[in-house]
Amino acid sequence: MALSNDPHCILMFMISLFTLVLFASALDIVSINDVAEAPTSAGSGGHDGFLPLAGKHVVIHNVVENGETVNVHCKSSEDDLGLIHIPWNHTWGFRFHVNFWKTTRFRCHFTWGYGGGSHYFDIFKVSRDDTPSGSTPVCKECIWEVGSYSTSLKPMCRINRDGSLPYCFDWDDK
Ligand SMILES: *[C@@H]1O[C@H](CO)[C@@H](O)[C@H](O)[C@H]1NC(C)=O
């Protein structure tokens, strides 16, 4: 009997594949850290960390002009990081692994208490942050400033440790 024609064999194969997908998803685990200031660890933020399952550290620094607290609520398809309040000039960050299929994306909702601002931004997406051939370098420590209008008219800037000009983007409201 040819095994490949056995429907049970095909079924087992499908189940194995499904299990593998579940396993890969389970690796996409998030840890959260509250930090009082931007981390100074040795992460280069350079052209590393783009392999599958690469560990990433996203940091958000509140530098809005009016000195307000920024509220941020980030989610991926698998993780909901909850509503976080970032006081002015403070940072908040989280760590995760890009999933096996490199489809990981974290989208955040930013709001302001008094100004009533409400905007969305994809704080991590593979096309921009984890693609070596992309128009912006791969980041392992992806450090974002919210509201750094002094360098750009765009509200979200991914900064570079070497002090070179940041990569700035408009909101992803859609
Ligand atoms: C913002 O925070 C940094 C790091 O804690 C600190 O060195 C700096 O003085 C602060 N800026 C202002 C204007 O308070």
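Q: Of the contacts between residues at least 6 apart in sequence, what share join residues at least 24 apart?
A: That share is 59%. Keep in mind that this is a predicted model.

Q: OK, and what's the secondary structure like? How many helices and strands?
A: There are two helices and 10 strands. Going along the sequence, the order is α-β-β-β-β-β-β-β-α-β-β-β.

Q: How much of the protein is buried?
A: Of its 174 residues, 40% count as buried.

Q: Let's go inside. Which residues touch the most other members in the largest nonpolar core?
A: Ile60, Phe110 and Ile123 do, in a core of 27 residues. Strands giving two or more residues to this core include β2 (55-62), β3 (70-75) and β7 (118-125).

Q: And which element gives the most to this core?
A: β6, with four residues.

Q: Why would side chains like that gather inside?
A: In soluble globular proteins, nonpolar side chains tend to be buried together.

Q: What does phenylalanine 110 touch, leaving out residues up to four places away in sequence?
A: Its contacts include Ile60, Val70, Ile123, Met156 and Trp171.

Q: Switching topic: how many disulfides does the structure hold?
A: Three. With bonded cysteines counted along the chain, they pair up as 1-2, 3-4, 5-6.

Q: Which parts does the link of cysteine 74 and cysteine 108 tie together?
A: Cysteine 74 sits in strand β3 and cysteine 108 in strand β6, so the pair joins parts that are 34 residues apart in sequence. Their sulfur atoms are 2.1 Å apart. Cysteine 74 counts as buried because its relative accessibility is 0%, and cysteine 108 is also at 0%.

Q: What about cysteine 157 and cysteine 168, where are they?
A: Cysteine 157 is in strand β9 and cysteine 168 in strand β10, 11 residues apart. The link is right-handed, with 110° about the S-S bond.

Q: And cysteine 139 and cysteine 142: buried or exposed?
A: Both are buried. Their sulfur atoms are 2.0 Å apart.

Q: Is aspartate 129 buried or exposed?
A: Aspartate 129 is buried, because its relative accessible area is 0%. It is found in helix α2, and its contacts include Lys56, Cys139, Trp144 and Arg158.

Q: Last one: which residues form a nonpolar patch on the surface?
A: Leu53, Phe100 and Trp101, with about 300 Å² of accessible area together. Phenylalanine 100 is in the loop between β5 and β6, and at 42% relative accessibility it counts as partly exposed.

How values were computed:
Residues numbered from 1 in each chain as written. Predicted model: local features only at pLDDT ≥ 70, side-chain atom pairs only at ≥ 80, totals over all residues. Heavy atoms only, no water. Buried < 20%, exposed > 50% of the residue type's maximum accessible area, 1.4 Å probe, protein only. Contact = heavy atoms within 4.5 Å. Core = buried A, V, L, I, M, F, W, Y, C linked by side-chain atoms within 4.5 Å. Patch = residues over 30% accessible without salt bridge, like charges linked within 9 Å, V, L, I, M, F, W, Y side chains within 5 Å. Areas by Shrake-Rupley, 256 points an atom, 1.4 Å probe, with all protein chains shown as cover. Salt bridge = Lys/Arg side-chain N within 4 Å of Asp/Glu carboxyl O. Disulfide = S-S within 2.5 Å.
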